[in-house]
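Please keep the sequence and the model side by side as you read.

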Protein chains: 2
Amino acid sequence: MSEILKEVLAANQAYRKNFGDKAHLPMPPGRHFAILTCMDARLDPAKYAGLAEGDAHVIRNAGGRASDDAIRSLVISYKLLGTREWFVIHHTDCGMETFTNEIMNDLLSSSLKTAALDGNGWHDTGPGPGSPEGKYINWLTIKDQAQSVLEDVKRIRQHPLVPADIPIYGYIYDVKTGKLMEIPEATAAGKVA
Amino acid sequence: MSEILKEVLAANQAYRKNFGDKAHLPMPPGRHFAILTCMDARLDPAKYAGLAEGDAHVIRNAGGRASDDAIRSLVISYKLLGTREWFVIHHTDCGMETFTNEIMNDLLSSSLKTAALDGNGWHDTGPGPGSPEGKYINWLTIKDQAQSVLEDVKRIRQHPLVPADIPIYGYIYDVKTGKLMEIPEATAAGKVA
């Protein structure tokens, strides 16, 4: 058993000891909202947005992007589980700003091992073989965070399965301060029609 | 400004006050692992698995499914940010067990408003119009949690962009007790080749 697995199971055992009333939480989010944000390790949406267990849906992927899968999750969130407000929260210093589809596909073509980033950009460090399969994936990279939040809020707003009466708020989380900074154009684009 | 938005921003302000050393966390996860789990409001992976900010990537969607988008995120997680172990964690009493593609598409076709579940199954409560667009989405529903964990671990293991030397662990989180329960067949299917 790996050290990480041991640590996770030990932490889980400690968590269960004071589980208490959480056993009775219902399935629908008690505070009726959902957050779409990045998988970045520095982000803890429960902490940065003040969520207790049972409060809100949290959807996370690389970049916090409004991918088809994030929209699948959001539609389930309101249609079956009654959320009524949504947040799209990207963040500063995001890994998605450090590469392009072309860079990622070149890296994966030469090796599947972890690459390294230095002053000359990304480069492979491990041996091959790689795979050309990266070409079939859109990595949803980001050039400008305010723009990506705006685009993602707009994409959700315009989706035919998203009702007009759900407000969508656009924010960027600052990894240096913990602050949620509104992107007013995004929140405006996400307002109830 | 909605009450939820006020509460989130107030919680964020409180969080920032003791932000401290977190300002200096690097982008790559310090403990080199990633968790794929469900968006369910009752789940807090940071709490149930013992994560501090900076420790691990957390990917979440409806069901914690190994969707194409989750695989996009996992490949970025190891290829660019160096994770070396992955967890797939579904959970008991998951909303994804309560419907099928057909049920969801029928509900969305009649109304976009939130539906209700009772002894007769799901039914629409709000007025239409609905949309036929649900037919173009695979909702990735779940019939059996142990089976869905196994399938998802296998799907990740077999993906051509996932190297053979990343172990993938399969677990179910019990929402009544907080316990992480291993699915041995899934972990076996996800072991290093």
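This is a predicted model: local features need pLDDT of at least 70, side-chain atom pairs count only at pLDDT 80 or more; totals for chains, interfaces and linings use all residues.

Residues are numbered from 1 along each chain as its sequence is written, chains are lettered from A and ligands numbered from 1 in the order in which they are written, and side-chain values use heavy atoms, with hydrogens and water left out.

**Interface between chains A and B**

- Chain A and chain B each bring 92 residues to the contact (contact means heavy atoms within 4.5 Å).
- The buried area between the two chains is about 7,900 Å². Carbon and sulfur atoms give 63% of that area. Buried area is the accessible area (1.4 Å probe) that two parts lose on being put together, summed over both.
- Between chain B and chain A there are 51 residue pairs in polar contact, both residues being at pLDDT 80 or more. A polar contact is a pair of N or O atoms within 3.5 Å; within protein, one must be able to donate a hydrogen and the other to accept it, and residues adjacent in sequence count only if both atoms are side-chain atoms.
- Elements giving two or more residues to the chain B side include α1 (3–17), α3 (68–79) and β6 (168–173) of chain B. Helices (H or I, at least four residues) and strands (E, at least two) are DSSP runs, numbered from the N terminus.
- The largest share of that side, nine residues, comes from α1(B).
- The chain B side divides into 49 nonpolar, 20 polar and 23 charged residues. Here Ala, Val, Leu, Ile, Met, Phe, Trp, Tyr, Cys and Pro count as nonpolar, Asp, Glu, Lys and Arg as charged, and the others, Gly among them, as polar.

**Salt bridges**

- The count over all chains is 24 salt bridges, and eight are between chain B and chain A. The rule is a side-chain nitrogen of Lys or Arg within 4 Å of a carboxyl oxygen of Asp or Glu.
- A network of salt bridges links Glu7(A), Arg31(B) and Asp55(B).
- Glu151(B) and Arg65(B) form a salt bridge at 4.0 Å between the closest N and O atoms. Glu151(B) lies in helix α5 and Arg65(B) in the loop between β2 and α3 of chain B, 86 residues apart.
- Arg65(B) is buried at 8% relative accessibility, whereas Glu151(B) is partly exposed at 40%. Buried means under 20% relative accessible area, exposed over 50%, partly exposed in between (1.4 Å probe, protein chains only).
- Arg155(B) meets Asp68(B) in a salt bridge, with the closest N and O atoms 2.8 Å apart. Arg155(B) is partly exposed at 37%, and Asp68(B) is exposed at 55%.
- Arg72(B) and Asp69(B) form a salt bridge at 2.8 Å, N to O. Both lie in helix α3 of chain B, three residues apart, and both are buried.

- Ala70(B) sits in helix α3 of chain B and is buried at 1% relative accessibility. Leaving out residues up to four places away in sequence, Ala70(B) touches Leu36(B), Ile59(B), Asn61(B) and Arg65(B).
- His159(A) is buried at 16%. Beyond its neighbours within four places in sequence, His159(A) contacts Ile71(A) and Ile137(B).

**Domains of chain A**

- The assignment, which is automatic or from a database, gives domain 1 (28–98 + 141–193) and domain 2 (100–138).
- The centres of these two domains, taken over C-alpha atoms, are 28 Å apart.
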